[in-house]
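Morning, everyone. I have one structure to show and a few local features to walk through. Please have a look at it first.

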Amino acid sequence: MPFHARCRLTAFLVATLSPLVAQTQTHGQIVGEVTDTSCIVWTRTSQPCLVSVRYATNVALAGATETIQMPALAARDDTIRISLTGLTPGTQYYYRVRLSMTFGQGGVLGPIGSFRTAPAPAALAQVRFAFSGDTNDKAQFGIFSAIAAEQPDFFLNLGDFPYCDGAVTLQDYWLEHATIRDEPQLQLLTNDVPWIFTWDDHEVSNNWDAAMSPALVANGAQGFRDWTPLPDGPNDIWRRLRFGKGMELFVLDTRRYRDLNAALPSPQKTMLGQAQLQWLQQALLDSDAIWKVVATSVPTFYGGVDSWDGFVHERQQLLDFLLASDLHNVVFLAADQHIAAIRELRCGLLELQTGPLAQFLGSNTYRREPEQRWHGTVRNFAVITVDPTVTPCTLRTTFFDQNGAVLREHVAEAIDAPARLTVRSDVPEGGFVLADGPHLVRDEGLNATRERLRPGSYRLLGRDLAYGSGGPASLDLEVPSGADVRVAMAYEDVPGANPVLFADHFDAPFGAAAGWNVVDLGSDGPSSWLVCDRTLTQRSNIGGASPVYGGTLALAGDAAWTDITLRARCYEQDNDSCGVVFRFVNALNYYRVRFDNERQLVQLTRFVNGVATVLAERTALPGYVPMWWFQITVAAIGDHLRVWQDGELLFDVHDAAHAHGRIGLYSWASQWVAFDDVVVRQGDATGLGRTPFFSADFANGSLAGFQIVDQGTASGPSQWSVQDGEVRQDANIEDGDGSRTGLPKLGTLLLAPSLLADQELRVRLRNDDNDAIGVVLRYQSPSNYYRFSMDAQRHYRRLVKVVGGQWTTLWEADDDFPPEVWQQVSFSACGDRLRVGLNGMTLCDVRDTSLTLGRAGLYCWASQGARFDDLLVQAPPRPRAVTAAIATAGQTRLELCGPESAGSLYLLALSAATAPGIPLASLQPGDPRVWGLDRDVFFELCLTPNPLLLGFGGVVDADGRATATVLWPPVVSQLLGGATLYAGGITFDTQSSTWGELFPTVPLTIPR
């Protein structure tokens, strides 16, 4: 600074201080924007003065370098940012701030702080950082001490720091920052841990978007810049920071450029703005870091219209870019919703959500399956460690609560080539879970595809259907890097019973829904139907003067349909009306099932020439749980109309007004509703189709035949009763063990009368408390039984056994249940096979021989408000055959499983047909099974032995497993490369000399 300018500045500072007092740092100090060679030091002074920073690589600051003195001015609330440059990468530094009134060596020295520079861009050095967001409740600031105890290299603040709602002037915003930053525990953290900042909405005002007052935005933005160590420049929020070879961080500005949250989806609607989106795409392409970590502040799929969910076209553009560019190891970090979560998204991204640091707690109802592996609803932060010194480079995430206790750990390994997964079912209601591996995948439908699957060991768990046959057997899979994995699952013995008339799982590309016709009945439209994230969504608030009329419909099917069973899943993020229509003749004549949460009702309504008549309704009860999937089933057979919600029969009426028509989906005044898995079958497809041993819907108000067993020693006895057609248990009976790790959790049991060996229990249950609830099987005595339970407070789902009084965990997962939500649990025991399902999806499939028979029953522990209904004990589902093909360079490994064929001979074959095989009727005249397969000469000619098939065992082993490897000689690849063959098989029972089951066929692509 020139001498004359320094003289004017000194004169100004002296003139503004009267009387002259010693200067202090009022809110500690922060180091931000740490790179390998630079950083920014921020502080605030008690009055305008000159500020400089001394720094060195030793704590005594011997031989320290000092920056030039810069003024902290009242125009910036006495704050100042000073850059340190020319630093050495990967080095620990110490610093002190000096405050003085004049140029020179005098003044007041602040406390010694420290920071570590980032590794050099090519360095194979470990990086460890903490992140979270949402800070307002100062009573919870002990969490900052827990963060400091982890000694991270830096802390990434993901926004909502502080909450400035209600601020108007720049001085108001300054005051909000000053108030949140004056806590000693926070200042101790900022003294020695660098911070990287981004913002969300509350730094200006709640749900800040394009409608926000420009004056508020300007004042909020200025206050945020004044109080944080941000870099100077027009794009001070969106930026990139490199931390060695292992990681590069891309920080986004999800607020300043966004359009209206509530605007209808369109390709022009933006959150990032075109310039920032293009920058992000190019920056990701240019980066050669192993892990690319994107800080978005708001979640990608789980947050409603104020998050990426409200900007679906732009989100899809980004996801399509990542896929087309073959970018791997991309991780998104988010906060905002006041929950912690680990999500492995369908598109292949890993999303890690944290928060709140110090704010009210969110709810797990924000989740939308299938991608969420874990969630936590306590105050929390997470620490990520990227270690490029190991191969493959790992990204380890550890979630901590506000006291520093570990909540959950997740480890991801960097991949060069992800695998690809395709699962095909022979029925549209089929589904699966790919569990116990590095990537959690759940899906339903005829075909499911994942373009990016992490290599590793998995267990494929098929879904059991609520009607008819059981689900596919479990199959263990080893998935190599870059493999193409194709799985075929069998369900049907006799194809054609209740034939499928229509099915749509909305797996089509993002955009308009093919095969659906939209009819807007409300005058305040238009509607906005859109296939997004493999669901059909409606995103406008179109309604009308009354929910009885109006709204919007998406219609499909044939006007000639008469007797049908319709199933559809629905997810409502608003609280108004949604549902289905059936026997739709025209806009004046149809039936409608309407679920409304705000008005607390469910209705079955008939429309005849535009006149609405309510045929049946339930009132004073929630129509659904917002932000939670539920299933609707309608059976219209003649004049008999029945409606179920999540397996509970709601309405059973007769009405002959309409005999035929189409089906459709319905939305009224719902800003966000989604539908999925729409299936229409001919006739009544609601029967279970298995032998019932025992059933109870508790409509008679009696527990006759049941036995109560109280094992808990505290807060007893139990209080089992029947109220309003459901079983309730209202005592807090438990055994005094409040830990998560304790297995007994002795509470109370309600046992059904039948003593059985092989059995399946199905029941609807909910818990209005947050402790343990579940079911038991093969109960013999208080010291011998199997039990499945879920606990919302301790965040577990658990299958355990007690044998001779000794407790053992057979399976456990870090998940639970949403309180006050009805769910369907199935628990089956078939031989040594124990299988648990929740809402149709299989959770676990384990084997244990300890207990061979016993009673089924209900269980709760420490739960005041446990509720059960529609209990059914029946023959267990039969495990069906599964075939998997795992293709790598030059070969394809076949994995087959058919537990019912254990010990049988089997043959394998290749075919040129899409549905090859041998109809059993042609092999065994009179066989009642009819296979929907074409007689395939090529299939028969190449039945094993086959020169392309190696490792053919000839006999299905005791677990029902069989394997073989298809080798593709170079000559085959040269002649037929790119062509598709199909692999399948058939079993033979030597004792009865009969052909058994067919292994479903999978397509094999001959490598080029």
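This is a predicted model: local features need pLDDT of at least 70, side-chain atom pairs count only at pLDDT 80 or more; totals for chains, interfaces and linings use all residues.

Let's begin with the peptide bonds. Phe-161 and Pro-162 are joined by a cis bond, with omega at about 0°. Where does Pro-162 lie? Pro-162 is in the loop that runs between β11, residues 154-157, and α3, residues 170-180.

There is another cis bond to look at. From Thr-391 to Pro-392 the peptide is cis, and omega is near 0°. Pro-392 also sits in a loop, between β20 (380-387) and β21 (394-401).

Now phi. Phe-698 is not a glycine, yet its phi is positive, near 60°. You'll find Phe-698 in the loop between β45 (692-696) and β46 (707-710). Is Phe-698 buried or exposed? Buried, because its relative accessibility is 2%, and the cut-off for buried is under 20%.

Asp-870 is another non-glycine with a positive phi, about 55° here. Asp-870 belongs to strand β59, residues 866-874. Its relative accessible area is 25%, so Asp-870 counts as partly exposed.

On to the cysteines. How many disulfides does the count give? The count comes to 0. Take Cys-897 as an example. Its closest cysteine sulfur is in Cys-830, 13 Å away, so a bond is ruled out by distance. The cut-off for a disulfide is 2.5 Å between the sulfurs. Cys-897 is at 3% relative accessibility, and therefore counts as buried. Cys-532 counts as buried too, because it is at 1%.

Next, the surface. Which residues form the nonpolar patch? Val-971, Leu-975 and Leu-976 do. Together they have about 310 Å² of accessible area. Leu-976 is part of helix α10, residues 970-976. At 45% relative accessibility, Leu-976 is classed as partly exposed.

Last stop: Asn-235. This residue is in the loop between α5 (214-226) and β13 (239-243). Asn-235 has a relative accessible area of 33%, so it is partly exposed. Now pair Asn-235 with Phe-582. In sequence, they are 347 residues apart. In space, their C-alpha atoms are 53 Å apart.

To recap the backbone: cis bonds at Phe-161 to Pro-162 and at Thr-391 to Pro-392, and positive phi at Phe-698 and Asp-870. That's my part. Over to you.

Notes:
Residues are numbered from 1 along each chain as its sequence is written. Side-chain values use heavy atoms; hydrogens and water are left out. Patches are made of residues with over 30% relative accessible area and no salt bridge: like charges are joined within 9 Å, nonpolar side chains (Val, Leu, Ile, Met, Phe, Trp, Tyr) within 5 Å. Accessible areas come from the Shrake-Rupley method with a 1.4 Å probe; for residues, only the protein chains shown count as cover. A salt bridge is a side-chain nitrogen of Lys or Arg within 4 Å of a carboxyl oxygen of Asp or Glu. Helices (H or I, at least four residues) and strands (E, at least two) are DSSP runs, numbered from the N terminus. Buried means under 20% relative accessible area, exposed over 50%, partly exposed in between (1.4 Å probe, protein chains only).
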